[in-house]
Amino acid sequence: MIYDLIVVGNGIAAQTFLFELFTKLDVKKRQNFSVAQIYSEEIAASCSLRTTATVSLSGIEKGVSDLGNELRESFFLFEDFQKNHNPIGVEKISQIVGFSSPKDRAKMIRRYKELKKVNHLILKEEMEGTELNSYLVKPHLYHRWFNEQLSPYGIVPKKNFLKKITKNNGGIIECELLSREIIKTKKIVLCTGAYAKLFSEFCGETEFLKNTYTVAGSFLERSINLFRPSFYLTIDDHNLIYRSNEQQLILGSASMNDGIIMADHIILAEILAKFTQQCNFSIGDLSDFKIVTGLRHKGAKRRPIARALDLEKNIFMINGLYKNGYTFSHLCAKKVLSEINL
Ligand SMILES: Cc1cc2nc3c(=O)[nH]c(=O)nc-3n(C[C@H](O)[C@H](O)[C@H](O)COP(=O)(O)OP(=O)(O)OC[C@H]3O[C@@H](n4cnc5c(N)ncnc54)[C@H](O)[C@@H]3O)c2cc1C
């Protein structure tokens, strides 16, 4: 059998792409359209289940840079998605943003122009900063919602590691799995996150992966009932998040280059100390928390990759979502869907 399409990955990039694809396909085409999805949580753990997952426009203005424009468009696409589909696992929230040093204050003024006095129930005292309309995403719930939405479409899951891709003379793409199974397809979309870079020798290094990096991100997480609504506090670009329904407190994050999964305990302890100083409740000690690490893929100049890799436009890639997976995934899905001829 030759599939019409194979999507590699089951993180936010793959799920958003598949969702948008099936929403746009007309009903007749949908019935005869064969899709397989390859992913391996065991070998290539998805970042989308190891993330602090918040969404905010963060004062980004139009027309300043290409990256800024992409971030803005992606944010509004995410907001439209919330309005149109009302997925579970997303909570609208007021984000309090502050700083702890003159350097970080200057950074905030560059970004937000004006600061004001802000207060919140969790703060020891009023502070200078800003307040933003943001979103908290609960990654496991959101992931499950996508899987449920996609389940009617008969996507064939192949829970295995993709070892190699080759295009044969007729233009058909052959995917060799670790189990030695070979599956064939007319088109393929690689949504492989940080593994695009880590395992690039399996799939052939493409020029589009040059100057891209794997950056691990670690955060602290503990289950605790704080008997209060969700909150989202940011100080010096570090986050303290409480998701009240899940009774989960999250602090982060600390980065490590080159896909090293070992977390930077010193930075995490510093972040914990920073929030302990500002907050009027007991956050806990480092030992009260579990450390969670996800592997992010940083694109060249932080920009996402959403394009065909070959001239015939049979092999596509959605990667480099870096710190903006929940918004960039919408822009990338839109770009690839406008190019891919299915
Ligand atoms: C600490 C931290 C905080 C973050 N905070 C935010 C935030 O606040 N807001 C935000 O928008 N983003 C945030 N991010 C980034 C966001 O989580 C990522 O950008 C996003 O999850 C990447 O999604 P993805 O689908 O590209 O990759 P992944 O979720 O990593 O998915 C990759 C998929 O590909 C599969 N795969 C890869 N290679 C193979 C192979 N060879 N064979 C089979 N399967 C394969 C994997 O199994 C997996 O299913 C954060 C990340 C971290 C680590």
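Me: How far is an oxygen atom of the ligand from a polar backbone atom of C191?
Reply: The model is predicted. A polar contact requires a pair of N or O atoms within 3.5 Å. The pair formed by a ligand oxygen atom and a polar backbone atom of C191 is separated by 3.4 Å.

Me: What share of the ligand's exposed area does the protein bury?
Reply: Backbone atoms of other residues also face the ligand: a polar one of G325 is 3.1 Å from a ligand oxygen atom, and a polar one of A44 is 2.6 Å from a ligand oxygen atom. Taken alone, the ligand exposes 1,000 Å². Of that area, the protein buries 96%.

Me: Which residues are the closest to the ligand?
Reply: The ligand is surrounded by 34 residues. By class, they comprise 14 nonpolar, 17 polar and three charged residues. Elements that each supply at least two residues of this shell include α1 (12-24), β11 (213-223), β15 (290-298) and α9 (325-339). The closest residues are A44, S48, T54, L162 and Y322.

Me: Which residue is the bridge partner of K167 in β9?
Reply: Strand β8 covers residues 162-167 and strand β9 residues 173-177. The two run antiparallel and are joined by five bridges. In β9, K167 has as its bridge partner I173.

Me: Which residue in the hairpin of β8 and β9 takes a positive phi near 90°?
Reply: This hairpin has five residues between the strands. The positive phi near 90° in the hairpin belongs to G171.

Definitions and conventions:
Residues numbered from 1 in each chain as written. Predicted model: local features only at pLDDT ≥ 70, side-chain atom pairs only at ≥ 80, totals over all residues. Heavy atoms only, no water. Pairing = 2+ DSSP bridges. Helix = DSSP H or I, 4+ residues; strand = E, 2+ residues; numbered from the N terminus. Near = heavy atom within 4 Å. Polar contact = N/O pair within 3.5 Å; in protein donor to acceptor, adjacent residues only side chain to side chain. Areas by Shrake-Rupley, 256 points an atom, 1.4 Å probe, with all protein chains shown as cover. Nonpolar A, V, L, I, M, F, W, Y, C, P; charged D, E, K, R; others polar.
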